[in-house]
Amino acid sequence: MTYLTDLAPGAGARTPARSRLRTDAPRLSLNGDWRFRLLPGAPGEPGDDGFLPDGEEPDDVAGEHYDDSGWDVIRVPSHWVLEGDGAYGHPIYTNKQYPFPIDPPFVPDENPTGDHRRTFELPESWSDAARVLLRFDGVESRYRVWVNGAEIGIGSGSRLVQEFDVTAAVRPGRNLVVVRVHQWSAASYLEDQDQWWLPGIFRDVTLEARPAGGIEDVWLRTAFDGADDEPGAAGTGRIVPEIVADEAAYPLTFRMPELDLTVTWDAPGDVAPVEIPRVEPWSAEAPRLYDATVSGAAETVSLRLGFRTVVIEGDRFLVNGRRVMFHGVNRHEWHPDLGRVFDEAEVVADLKLMKRANVNAIRTSHYPPHPRVLELMDELGFWVILECDLEAHGFEQVGWQGSPSDDTGWRAAYLDRIERTVERDKNHPCVVMWSLGNESGTGQNLAAMAAWVHERDPERPVHYEGDHVGAYTDVYSRMYASVPETESIGRDDSRTILLGCSAAESATQRTRPFLLCEYAHAMGNGPGALDQYQEVFDRYPRLHGGFVWEWRDHGIRVRSGDSTEFFAYGGDFGEVVHDGNFVTDGLLLSDGTPSPGLAEYAHVIAPIRLEVDDRSVSVLNRRHTSDTSDLDVRWRLEHDGVPVADGRLDIPVLRPGEAVRIAAPAVPEAHRGAAGELWLTVEVVLRDDTAWARAGHVVVSAQSRSDAAPLRTSRPGLARTASRGDDLPEALGPARFRRGRLVQLAGAAVGGPRLELWRAPTDNDQGFEFGSYDGVDPTLDLGRGAPAPSNEEIWRQHGLDRIVSRVVERSGTDDSLHVVRRYSAANSAATMVVDEHWSARDGEVLLRVDVTPGHGWEFVIPRIGIRLDLPDDVDGAAWFGTGPHDSYPDSRRSVRVGRFEAPIDELTVPYARPQESGHRSDLRELTLRRAGADWLRIAAFPDVKGRLPGFTLTRHTAQDLAAADHPHEVRDSGHHYLYLDAAQHGLGSRACGPDVWPDSMLHAQARTMEFAIASAG
């Protein structure tokens, strides 16, 4: 067996795992430019496809006199496939496929191998060091290291730190380090995370001079004991120190300057717990940190301590005695240009955005992040589930046959991975749970990892979703459980058998805290039903929330042949196997633009619950630790979207769990009984600047109609036209017709209206794995739905993307027009009949559209609406309705009624794969603009049930969007388009999760829309 197929985690002068500490010991960064060459295979391995120059031996590259002047230069850290404009190969994206044969532990001879060489100057002062360590924070996948021609060792575990003792190899002055990195190795079978395969030295490379009598490791375990009824108040802190140092390092002095605390330990036996009578606790909301140092004669290390106690009591997960609700996201490391290379400015921006979006928890999917990220999470405040660098998902495709998780030959590798995960980050207060990894089946090696963690750190629970029966973990965790299934887990229902469990195992799991480590798959437009999940989380104390999959799209910024920038996904680099755009499934687009899904999530998980009606305002503090003294509650009253009054509400300071109800602001006398709509908007905002937001940042808002009058349900003149004349009008108000067909509005050529039932399928519309709720009671069988094709497949099968029409009837008078059209698709008998009633009144044209379905519609449909083809200089809109972003039946909690405006390109979302977006519901009034000037005004009216239509203004038809794989590929037809929809189908999460809930499904039905259209110029 060669070293590439060796199951051992590494070899050579590797040193034991230890904490990442700040130290005054000398360090030298080796980041920067390295000499680089890429070989097609691993020299000296079976197959020997390295294609070395004639006469060169595999290890000659390590020689000090080797001539690398002909090599390229590459920056470190980096991924070589993202450097050199494709000269060094290309990225590969898979979710749970292996991009090589499943033949463990073997890998193909075609194994891209990157040779890296650089020199460095070692200071003369380092001659006094007891040891010199060479640290690699991240290298994918397996690598060999030489220093000055001497082989040092072999590293493995791409997202895990490796330190090598190079003391005997280095010397003052000029030195040479050589690293040979192989893309594939046995370790690759353990690194099948849902992400790009990106080889290279992608994290920092550092030399450290370890002083004689230095401090090798420090673990300051902290605990907090405070009053249960005073969350956030000061209490007793406890530190249990664990020091790894030679006796020569002593005496050691422990200091916490802010508390004026100094403790001296004269010998290892003197190291003992330290009690501090009064400290403030650390939490995700109030991340109170204390600076601390441990000093000896030769070295000082510094840490930032947070005092908190993590325990499980029964089925509650508690920090500092209070139940934690995880409002979390799964976070991969990603940058659209750098891949997984750390960019602090980008990471800080992302974490601050999470805080502004009310996210309080992060699962580090599915590996430890760059070490600086944990420091930032400590400082800003997040509950963190820190996950080991482990996933063997590809074995699921072969029924987990040969899975490394249950093969003792892999045990050392498994244990090494969890050890290096825990040891590096054990001092971070943000880490409240260790996770063994992700989607690696189950087996004895995972159980051994859990046992190691329980022994090493009994104060933090162990998580692993794949342990469905709870054999070796401490919390019950699931992915993508439906709302009914999640509810069944929350309630005391001994009759329901949980997934993969016996009756007895189900009963045991119900005694544990439950969380959804992945849910609400945020791929493309969505997810839906976030409010339904949160309502269930809030109802059952056993449920502790979850982590949306995931934070950010992983598109790679590239340019097309005509230099158009876009974000590539799986398949765009010619991969043999790939999983398409499944890598773009985040709440942020690849460039960091928040999606409407993030706004919806932020509203649903807001730590303050706000309810408003026309008589009262209720405020509930749902925070874990903090009271509401940092918040203001402000209000404004709008009449038909125009502000008429505002102010501030005085509420008492609410501790966590407390609520208050106060009277709503009075409507000013001048607006009582006024025609139109009066809306009261209440917002909870930050009172002062924080580390992550400015004063005035809106934490949550709510609205209520302040007038009791219902919306108008009809408009004079919009009744059905009863004329049966033969003369068809050519003009009605601002509209021009040709033989009953609309050809012009307000002086500009237009087309339509035509019935539209199609929408460019969302990623959720394309999903099929989790089954459909259509025709199924989702409360049965735990709401998984029935096996069914995707909605897109059904819609295409029935031709909704290609319906055609024929005129059934045309009649008119001088001031009215009636046109009946029958719509259906080729090879389909399913029909829709559309009646257009046009009439003129006071310079307007009034339009009533009646849509009546025939037979053959035994399935959900995307939309019921009409489309108008507009001039291509229509470039924006202002509207009175919901906004500012789009909304759908199961994703509309975060929008409000008001007046908004936006240019056309901000009215839709450029998802990585083009799809439906931009629908704004409950339209009252719309003004379209041409070349920046108002052009056309459309007033919309409720139907007899009080339902208002929605609108979408877009550059492209739904058909053109659906035909493209990337935004820049969408056909330019020379028109822009206005969709006016009576109804839209919901979003759901079926790309990887439950279908649209039945209440938000759209079936064929009779609908009426009424509009008044006038020139706005």
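Analyst: Two strands are said to pair if DSSP finds at least two bridges between them; the strands (E, at least two residues) and helices (H or I, at least four) are DSSP runs numbered from the N terminus. The model is predicted, so local features need pLDDT of at least 70 and side-chain atom pairs pLDDT 80 or more, while totals for chains, interfaces and linings use all residues. Residues are numbered from 1 along each chain as its sequence is written, and side-chain values use heavy atoms, without hydrogens and water.

User: What makes strand 45 and strand 46 a pair?

Analyst: Strand 45 (residues 735–738) is joined to strand 46 (residues 741–745) by four bridges, and the two run antiparallel. Within strand 46, glutamine 744 is the bridge partner of arginine 736. The hairpin of these strands has two residues between them, and arginine 739 there takes a positive phi near 50°.

User: Which strand is joined to strand 45 by two bridges?

Analyst: That strand is strand 44 (residues 731–732), which runs antiparallel to strand 45. Alanine 731 stands opposite arginine 736. In this hairpin, also with two residues between the strands, glycine 733 has a positive phi near 55°. As for its faces, strand 45 has Ala735 and Phe737 on the covered one and Arg736 and Arg738 on the uncovered one.

User: Why is glutamine 97 called buried?

Analyst: Its relative accessible area is 19%, and buried means under 20% (exposed is over 50%, partly exposed in between; 1.4 Å probe, protein chains only). Glutamine 97 therefore falls on the buried side of the cut-off. The residue lies in the loop between strand 6 (92–94) and strand 7 (113–122).

User: What makes helix 8 largely enclosed by the rest of the structure?

Analyst: Seven of the nine residues of helix 8 (residues 596–604) are buried, so the helix is largely enclosed. Among them are Pro596, Leu598 and Tyr601. The elements covering these buried residues include helix 1 (344–356), strand 33 (514–519) and helix 7.

User: How are helix 5 and helix 7 oriented to each other, and why?

Analyst: The axes of helix 5 (residues 483–490) and helix 7 (residues 530–539) come within 10 Å and cross at roughly 5°. Angles under 35 degrees count as roughly parallel, and the two helices are therefore roughly parallel to each other.

Notes: Axes fitted to C-alpha atoms, helices over the stretch in contact; angles between N-to-C directions. Parallel < 35°, antiparallel > 145°, perpendicular 65-115°, else oblique. Contact = heavy atoms within 4.5 Å.
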